[in-house]
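Here are my notebook entries from a browse through this structure.

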Amino acid sequence: MQLYNTLSAKERAALIEEAGKERLTISFYQYAHIANPELFRNHLFITWNEIDVLGRIYIAKEGINAQLSVPAENFELFKNHLDSISFLENVRLNIAIEQDNKSFLKLKVKVRNKIVADGLDDNTFDVTKKGIHVDAEEFNKLIEDPNTVLVDMRNHYESEIGHFKNAITPDVDTFRDSLDIIENDLKDHKEDKKLVMYCTGGIRCEKASAYYKHKGFKQVYQLEGGIIEYTRQVKSDNLENKFMGKNFVFDHRRGERITDDVISNCHQCGKPCDNHENCANEACHLLFIQCEECAKTMNNCCSTACKDVHELPFEEQKALRKGKTVSNKIFKKGRSEVLKYKK
């Protein structure tokens with residue numbers, strides 16, 4: 001019985017090319033009580049592997065968080081399977097704005113302590129007492145209210161390339177970092193202001209809304225389905241789009257263009273740019289913004305030092321990495337002294 005992915009990303013990419021079939025990129029989450037995450041994980045892997053689902057799925061006792069792609073022709077099979085699971089029946093599926101058949105190249109279903117690393121002790125508050133969900137139309141009305149404080153619950157490298165107009169965008173590396181900062185900044189407005197939050201697909205706001213209600217905020221709202229669902233509703237209902245730029249996504253695409261606004265800059269030369277890349281040096285992989293000109297000049301690397309290493313023969317690169325731990329730059333997305341124009 002196959003319980004783990006057996007193909008490399010390169011092999012899978014070749015199979016996708018050969019098949020020539022359309023795939024759909026989808027994300028969803030659901031907080032629920034899962035008694036045996038490992039058993040549930042194995043069930044999902046076996047079932048989804050058979051219908052060629054690829055992606056990154058986290059299972060925990062508190063629920064599921066999934067970003068994946070599925071062949072369009074297998075979508076109904078996939079949806080029927082979700083509906084056969086009691087707590088996933090009719091779960092909201094966020095379908096990507098921009099499709100890419102290679103958004104995911106492996107099926108990874110992992111058991112974690114939490115479906116989002118939030119650093120919170122959930123025993124201290126009731127995670128089911130969450131804020132009010134609002135759709136795109138109501139969200140647009142709320143954020144025009146002078147008594148509203150709009151907060152981006154994402155990390156700095158996400159909001160840097162796209163965010164809602166007039167939103168507070170904390171300069172943080174993790175979701176957990178933003179929670180205390182926001183509470184402290186708004187501590188004098190727990191009763192008189194409407195706290196409205198948004199994130200990519202809604203999962204971070206779901207937990208944050210319950211946390212802030214526990215902390216004494218009286219009027220807590222969250223954008224239902226996040227930026228992904230907001231964009232879909234704006235298009236389908238012909239609403240004003242109050243988002244600017246790109247929506248960062250956690251797959252090979254790294255971003256979906258929502259509007260033509262380019263609100264960020266190349267971290268190497270300062271030109272307007274919102275294309276995220278990972279440094280080509282295998283020992284680095286720093287996530288940063290790089291324009292086409294710098295990509296060509298720097299051979300897709302973040303620095304001259306990385307460029308020099310990347311241009312060495314592969315075996316020499318391996319020798320240099322031998323015995324060394326993975327650079328923590330991979331966890332410091334967009335933060336490095338070599339990035340001259342990082343804001």
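A cut-off to begin with: I call a residue buried under 20% relative accessible area, exposed over 50%, and partly exposed in between. Arg176 has a relative accessible area of 23%, so I put it down as partly exposed. I also note that this is a predicted model.

**Entry: Arg176 and its partner**

I looked up what the Arg176 side chain meets, and found a salt bridge with Asp180 at 3.5 Å, N to O. Both residues sit in helix α6, four residues apart, which is about one turn of the helix. In an α-helix there are 3.6 residues a turn, so residues three or four places apart point the same way. Asp180 has 38% relative accessibility and therefore counts as partly exposed as well.

**Entry: α6 against α7**

Next I wanted the packing of α6. To describe two packed helices, I need the angle between their axes and the distance between the axes. For helix α6 (residues 175-185) and helix α7 (residues 203-214), the axes come within 12 Å and cross at roughly 35°. The crossing is right-handed. On the α6 side I listed Phe175, Arg176, Ser178, Leu179, Asp180, Ile182 and Glu183; they meet Arg204, Ala208, Tyr211 and Tyr212 of α7. By class, that contact has six nonpolar, one polar and four charged residues. I was pleased to meet Arg176 and Asp180 again in this list.

**Entry: α2 against α3**

How far apart are the axes of α2 and α3, and at what angle do they pack? I read 11 Å and about 160° for helix α2 (residues 37-50) and helix α3 (residues 75-83). That angle makes the two helices roughly antiparallel, because the cut-off for that word is over 145 degrees. Here, too, I noted a right-handed crossing. His43, Leu44, Thr47 and Trp48 of α2 make the contact with Phe78, His81 and Leu82 of α3. I sorted the residues of this contact into four nonpolar and three polar, with no charged ones.

How many salt bridges does a search of the whole structure find? It finds 29. I picked out Lys79 and Asp83, whose side chains meet at 2.8 Å, N to O. Both lie in α3, four residues apart. Lys79 is buried at 18% relative accessible area, while Asp83, at 24%, counts as partly exposed.

Then I turned to Lys207 and Asp118, with a salt bridge of 2.7 Å, N to O. This pair links distant parts of the chain: Lys207 is in α7 and Asp118 in the loop between β5 (107-111) and β6 (132-134), 89 residues apart. Are Lys207 and Asp118 buried or exposed? Both are buried. I also found the two in a network of salt bridges, linked with Glu62, Lys114 and Asp122.

**Entry: Tyr58**

I located Tyr58 in strand β2 (residues 54-60). Its relative accessible area is 17%, so I logged Tyr58 as buried. Beyond its neighbours within four places in sequence, Tyr58 is in contact with Gly63, Ile64, Asn65, Lys110, Arg112 and Ile115. Arg112 is 54 residues away from Tyr58 in sequence, yet their C-alpha atoms are 6.3 Å apart.

**Entry: α8**

My last stop was helix α8 (residues 226-236), which is mostly covered, with eight of its 11 residues buried. Among the buried ones I noted Ile227, Ile228, Glu229 and Tyr230. Just after α8, I found Asn238 with a positive phi of about 55°.

Definitions and conventions:
Residues numbered from 1 in each chain as written. Predicted model: local features only at pLDDT ≥ 70, side-chain atom pairs only at ≥ 80, totals over all residues. Heavy atoms only, no water. Axes fitted to C-alpha atoms, helices over the stretch in contact; angles between N-to-C directions. Left-handed = near helix turned anticlockwise from the far one by under 90°. Contact = heavy atoms within 4.5 Å. Nonpolar A, V, L, I, M, F, W, Y, C, P; charged D, E, K, R; others polar. Parallel < 35°, antiparallel > 145°, perpendicular 65-115°, else oblique. Buried < 20%, exposed > 50% of the residue type's maximum accessible area, 1.4 Å probe, protein only. Salt bridge = Lys/Arg side-chain N within 4 Å of Asp/Glu carboxyl O.
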